[in-house]
Amino acid sequence: MAKTTKFILETLNAEKERLFQYASYRLHDIRDVEDVLQNIYVKILDNPLRFNRVDNKRAYLYRILSNECTDYLRNNGKTEFLYDQSLDTFSLDTLQPENFEEEFAMINRILAILPPEQSEVIRLRHHSNLSFQEIAVVMEIPLSTAKARYRYGLEKIRDGLKKLNLL
């Protein structure tokens, strides 16, 4: 059993920075991120046999984290997606962040304009560096759907920026 726990901790440690980054872009509050990450660590360590039976452990981690973030937002009355806005509210100044916090806010604001399923694929691809195959596993969708959502999301962002002459 100690070998199993050690292996799980090594796996979690190898992904901890990306898990933290992904959760940060979903939850926007470091305290919420820490709570959610602690919850998934406990869930995994409480059921090590289940984790060991999973073929793609990395995708499994992000699936658990994605679900935990969604539950956390829902249970705490927080919203993640704006989707009724457009890029028309952006200016050249807001698209030129001067520090990490401004960049973080800008990226979240842009992704919040997209439909949730498109922004989620983009987050998983860029913030967590998951392959499209892993994203398909995490989101329980076909590979072609994951690729299409990614492409459509980027096209919407690109088209919006072009309309504003910002690209």
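Start with the largest nonpolar core, which has 43 residues; a core here is a set of buried Ala, Val, Leu, Ile, Met, Phe, Trp, Tyr and Cys residues joined through side-chain atoms within 4.5 Å. Buried means under 20% relative accessible area, exposed over 50%, and partly exposed in between (1.4 Å probe, protein chains only). Select Leu65, Leu124 and Ile135, the residues with the most contacts inside this core. Now colour by helix (DSSP runs of H or I, at least four residues, numbered from the N terminus): α4 (57-75) is among those that supply at least two core residues each, and its 9 residues are the largest share.

This is a predicted model: local features need pLDDT of at least 70, side-chain atom pairs count only at pLDDT 80 or more, and totals for chains, interfaces and linings use all residues. Numbering runs from 1 along each chain as its sequence is written, and side-chain values use heavy atoms, without hydrogens or water.

Next, show what surrounds Leu124: its contacts (heavy atoms within 4.5 Å) include Tyr22, Tyr62 and Ile135.

Stay on Tyr22 and Tyr62, which are both buried.

Now move to Lys156 in helix α8. Lys156 counts as partly exposed because its relative accessibility is 40%. Draw a line from its C-alpha atom to that of Ile113: they are 43 residues apart along the chain and separated by 9.3 Å.

Last stop: Phe132, buried with a relative accessible area of 17%. The charged end of Arg125 sits over its ring, 4.7 Å from the centre (the cut-offs are CZ of Arg or NZ of Lys within 6 Å of the ring centre and within 35 degrees of the ring normal).

Definitions and conventions
Lists of a residue's contacts leave out its neighbours within four places in sequence.
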